[in-house]
Amino acid sequence: MFLDVQDMHVRYGSVEAIRGVSFTLMEKEVVTIIGANGAGKSTILKALMGINRLFSGTINTKFGGQIQNLPPHRISRLGLGYIPEGREILSRLTVEDNLAIGGYVLTDRQIFKQRLDYVYDKFPILKERRGQLGGTLSGGEQQMLAIGRALMLLPKILLMDEPSLGLAPLVVSLVFNIIKSFREEGYSILLIEQNAKKALQVSDRGYVLENGVFVAKDRCQNLLTNENIKKAYLGA
């Protein structure tokens, strides 16, 4: 397994938000977790990144061993790239400054420039606006910046939390085309997404989360045709 999570429990005080979930992500695979608001989807990603501490359970990666409860900066350096819900760019810093923060541990200037050039090649609009303040970008451009920031450390796994949230329909399509391109490049992606249908369409496997537990898991083509999933999450 590229990523192997076993019996994850996460608590907020006395409330158990995640209750014993287990899942895997293979190399070059896209896996999505769908579920209603408040089901605990974002909590899982934050636990993977060390932002939320595990009450119990293990997180193993092929490339970094056990990573549960390591500090976020160490997890980032080991190879997990996190694109948070709401993007969380620094609005008063320029595009290039935001990207530089994503690559803050790159002390070799040549490597830093290579990574910056890679991001600019992926998102030419960011290169055009590299001196522009992040807060003046459109929602779609801010999402590109958040993704680009995560790419600066050449992550082995991308953790994407609601990348289409709050975006116009045309921009939503652009974001999912970006995810498809990452898949073609061989990135391993764990995707959290409220737009369940589009998420399942770009993923290999899916898990359905309700109240902190998985209630279904399958290949995405099977979930897309599952009558219960269609009624609950796909608007069918």
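Serine 203 sits in the loop that joins helix H8 (196-201) to strand S9 (205-210), where helices (H or I, at least four residues) and strands (E, at least two) are DSSP runs numbered from the N terminus. This is a predicted model, in which local features need pLDDT of at least 70 and side-chain atom pairs count only at pLDDT 80 or more, whereas totals for chains, interfaces and linings use all residues. Residues are numbered from 1 along each chain as its sequence is written, and side-chain values use heavy atoms, with hydrogens and water left out.

**Serine 203**

- Serine 203 counts as buried because its relative accessibility is 6%; buried means under 20% relative accessible area, exposed over 50%, and partly exposed in between (1.4 Å probe, protein chains only).
- The side chain of serine 203 reaches the backbone oxygen of alanine 199 at 2.7 Å.
- With neighbours within four places in sequence set aside, serine 203 is in contact (heavy atoms within 4.5 Å) with Val30, Val31, Thr32, Arg183, Leu191 and Cys220.

- Helix H1 (residues 41-48) is mostly covered, since seven of its eight residues are buried, namely Lys41, Ser42, Thr43, Ile44, Leu45, Ala47 and Leu48.
- Just after H1, glycine 50 adopts a positive phi of about 80 degrees.
- Leucine 54 lies in the loop between H1 and strand S4 (56-61), and leucine 54 is buried because its relative accessible area is 9%.
- Leucine 54 is 10 residues from isoleucine 44 in sequence, and the two are 9.6 Å apart in space, C-alpha to C-alpha.
- Apart from neighbours within four places in sequence, leucine 54 is in contact with Met8, His9, Ala47, Ile59, Gln68 and Asn69.

- Phenylalanine 182, not counting residues up to four places away in sequence, touches Lys122, Phe123, Ile147, Leu151, Leu158, Tyr187 and Ile189.

**A nonpolar patch on the surface**

- Leu90, Leu93 and Ile101 form a nonpolar surface patch with about 220 Å² of accessible area together; accessible areas come from the Shrake-Rupley method with a 1.4 Å probe, and for residues only the protein chains shown count as cover.
- Patches are made of residues with over 30% relative accessible area and no salt bridge, with like charges joined within 9 Å and nonpolar side chains (Val, Leu, Ile, Met, Phe, Trp, Tyr) within 5 Å; a salt bridge is a side-chain nitrogen of Lys or Arg within 4 Å of a carboxyl oxygen of Asp or Glu.
- Isoleucine 101 belongs to helix H3 (residues 95-102), and isoleucine 101 is partly exposed because its relative accessible area is 38%.

**Positive phi outside glycine**

- Glutamate 88, in the loop between strand S6 (80-83) and H3, has a phi near 55 degrees, a positive value in a residue other than glycine, and glutamate 88 counts as exposed at 53% relative accessibility.
- Asparagine 211, in the loop between S9 and strand S10 (213-219), has a positive phi near 50 degrees, and asparagine 211 counts as exposed at 59% relative accessibility.

Methods
Polar contact = N/O pair within 3.5 Å; in protein donor to acceptor, adjacent residues only side chain to side chain.
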